[in-house]
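Have the sequence and the structure open side by side as you read.

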Amino acid sequence: MAEKFDNLEEHLEKFVENIRQMGIIVSDFQPSSQTGLNQKLNYMITGLQDIEKCRQQLHEINIPLEAFEYIDQGRNPQLYTKECLERALAKNEQVKGKIDTMTKFKSLLISELGKVFPEEMTKYKAIHGDDPPS
C-alpha cells in the first residue's frame with residue numbers, strides 16, 4: 001500500500017513542479033515561448049491522467065473531512081491524527097476507570113450479599129463458577 005502512496009506523491013510533485021514552471025512562462029510570456037507553454041500544457045494533461053490512475057488505485061481510502069479542515073486552516077493534517085489519538089487515550093483512561101470502579105463494586109456487592117444471603121451466594125458462586133474478583 002505504501003508504494004501506491006509513494007507513486008501518487010511522486011506524480012503530485014511532478015505535477016506541482018510543472019505548474020510552477022508553467023506559471024513562470026505565463027508571467028513573462030513572449031510569443032517565442034508559445035512552444036514551451038504548449039509542451040507544459042501537454043505535461044499538465046499527462047500529469048492529471050497519471051494522478052487519475054493513482055486515484056483509482058486508492059479508491060478504498062477514506063479521509064475524515066476534519067483532516068481537510070486542518071489543511072484549509074493551514075494546519076498540518078498530522079495534527080489531526082495526533083489529536084484523535086490523544087482524545088482516544090483520554091477516553092480509554094476514562095472507560096478504564098469506570099471498568100475498575102464497576103469491578104470493585106461487583107466485588108464489594110458479592111461480599112456484602114454473601115454476609116446477608118450466604119446460602120444464595122453459595123448457589124450463585126456454584127452457578128458462575130468463580131470467586132468474587134479481588
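At what angle do the axes of helix 3 and helix 4 cross, and within what distance do they come? The axes of helix 3 (residues 65-72) and helix 4 (residues 77-116) cross at roughly 135° and come within 8 Å. Axes here are lines fitted to C-alpha atoms, for helices over the stretch in contact, with angles from 0 to 180 degrees between N-to-C directions. Helices themselves are DSSP runs (H or I, at least four residues), numbered from the N terminus.

A word on the ground rules: this is a predicted model, in which local features need pLDDT of at least 70 and side-chain atom pairs count only at pLDDT 80 or more, while totals for chains, interfaces and linings use all residues. Residues are numbered from 1 along each chain as its sequence is written, and side-chain values use heavy atoms, with hydrogens and water left out.

**Helix packing**

Two packed helices are described by the angle between their axes and the distance between the axes. The table sets out the pairs.

| Helix pair | Crossing angle | Axis distance |
|---|---|---|
| Helix 1 and helix 2 | roughly 160° | within 9 Å |
| Helix 3 and helix 4 | roughly 135° | within 8 Å |
| Helix 4 and helix 5 | about 130° | 6 Å |

Angles under 35 degrees count as roughly parallel, over 145 as roughly antiparallel, 65 to 115 as roughly perpendicular and the rest as oblique. Helix 3 and helix 4 are therefore oblique to each other. Their contact (heavy atoms within 4.5 Å) is made by Glu66, Ala67, Tyr70 and Ile71 of helix 3 and by Pro77, Leu79, Tyr80 and Glu83 of helix 4. By class, this contact of helix 3 with helix 4 has 6 nonpolar, no polar and 2 charged residues. In this scheme Ala, Val, Leu, Ile, Met, Phe, Trp, Tyr, Cys and Pro are nonpolar, Asp, Glu, Lys and Arg are charged, and the others, Gly among them, are polar.

In the loop between helix 3 and helix 4 you will find Gln73, which is exposed at 52% relative accessible area. The cut-offs are under 20% for buried, over 50% for exposed and in between for partly exposed (1.4 Å probe, protein chains only).

On the helix 4 side are Lys106, Ile110, Leu113, Gly114, Lys115 and Val116, which meet Pro118, Met121, Tyr124 and Lys125 of helix 5. The residues of this contact divide into 6 nonpolar, 1 polar and 3 charged. Ile110 counts as buried, at 8% relative accessibility.

The crossing angle of roughly 160° makes helix 1 roughly antiparallel to helix 2. By class, the contact of helix 1 with helix 2 has 14 nonpolar, 7 polar and 3 charged residues. Ile19 in helix 1 is partly exposed, at 32% relative accessibility.

Which residues make up the largest nonpolar core? Its 5 residues are Leu8, Phe15, Ile51, Cys54 and Leu58. Helix 1 (2-27) and helix 2 (34-57) each supply at least two residues of this core. Such a core is a set of buried Ala, Val, Leu, Ile, Met, Phe, Trp, Tyr and Cys residues joined through side-chain atoms within 4.5 Å. Leu8 touches Ile51, Cys54 and Leu58, not counting residues up to four places away in sequence.
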